[in-house]
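Here is a short briefing to read alongside your structure. Take a moment with the sequence and the view below, and then walk through the points one topic at a time.

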Amino acid sequence: VLNDEFYAWLIEQSGQFSDLFKSIIWEFDEQMLAASQVAPQVISKLHKLGSKVAVDHFGTGDNTLIALRKWPIDIIKLDGSYIHELEHKQDSWYFLENIIKLAHSLGIVVVCEQLESDAQVNWAKELGSDGLQGFKLAMPHSVG
């Protein structure tokens, strides 16, 4: 994920742009981190730069709960499939509520993603999500 040469370049840049690095949130897919043997070391290196690390699509991998203990992450973005299930499965509410409580107990910020309706936005707020993301809130914008 971060080879030594790239990390050395980042260290070099961080001296000149330390405020910028403090505002960066590096976002990795959960399954990609799970496949990496050096994920904890990479995350620690990014923290040394002053940056935060988020895990996208959290809950889709095979080792989700182990990841909360193993990786020193700052933010999890709960996969939208969990919020979408709330319309049909009451037990999904308790599952999500407990995942959010567990993350909070570890000092991890929780973002619910893929919110597409008013009901989903309200549910995410009721569950205790720290952040919200999805088409219901804003559509993607082009850079140019």
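On the face of helix H1 turned away from its buried side sit the exposed residues Asp4, Glu5, Glu12, Gly15 and Gln16. Please keep in mind that this is a predicted model.

**Helix H1**

- H1 spans residues 4–16, a run of 13 residues.
- From its first C-alpha to its last, H1 reaches 19 Å, close to the 18 Å expected at 1.5 Å a residue.
- Which residues of H1 are buried? They are Tyr7, Leu10, Gln13 and Ser14.
- These four lie on the same side of H1, because they cover an arc of only 120° around the axis.
- The cover over the buried residues of H1 includes helix H2 (18–23), strand E1 (25–29) and helix H4 (39–48).

**Strand E4 and its partners**

- Strand E3 (residues 75–78) and strand E4 (residues 109–112) run parallel and are joined by four bridges.
- Along this pairing, Val111 in E4 has Lys77 opposite.
- E4 is also joined to strand E5 (residues 131–132), through two bridges, and these strands run parallel.
- Here Leu132 in E5 is the residue that Cys112 stands opposite.

**The β-α-β unit**

- Which elements make up the right-handed β-α-β unit? E4, helix H8 (residues 118–127) and E5 make this unit.

Notes: Residues numbered from 1 in each chain as written. Predicted model: local features only at pLDDT ≥ 70, side-chain atom pairs only at ≥ 80, totals over all residues. Heavy atoms only, no water. Pairing = 2+ DSSP bridges. Right-handed = clockwise from strand over helix to strand, strands pointing away. Expected span 1.5 Å × (residues − 1). Buried < 20%, exposed > 50% of the residue type's maximum accessible area, 1.4 Å probe, protein only. Arc of directions from axis to C-beta. Contact = heavy atoms within 4.5 Å.
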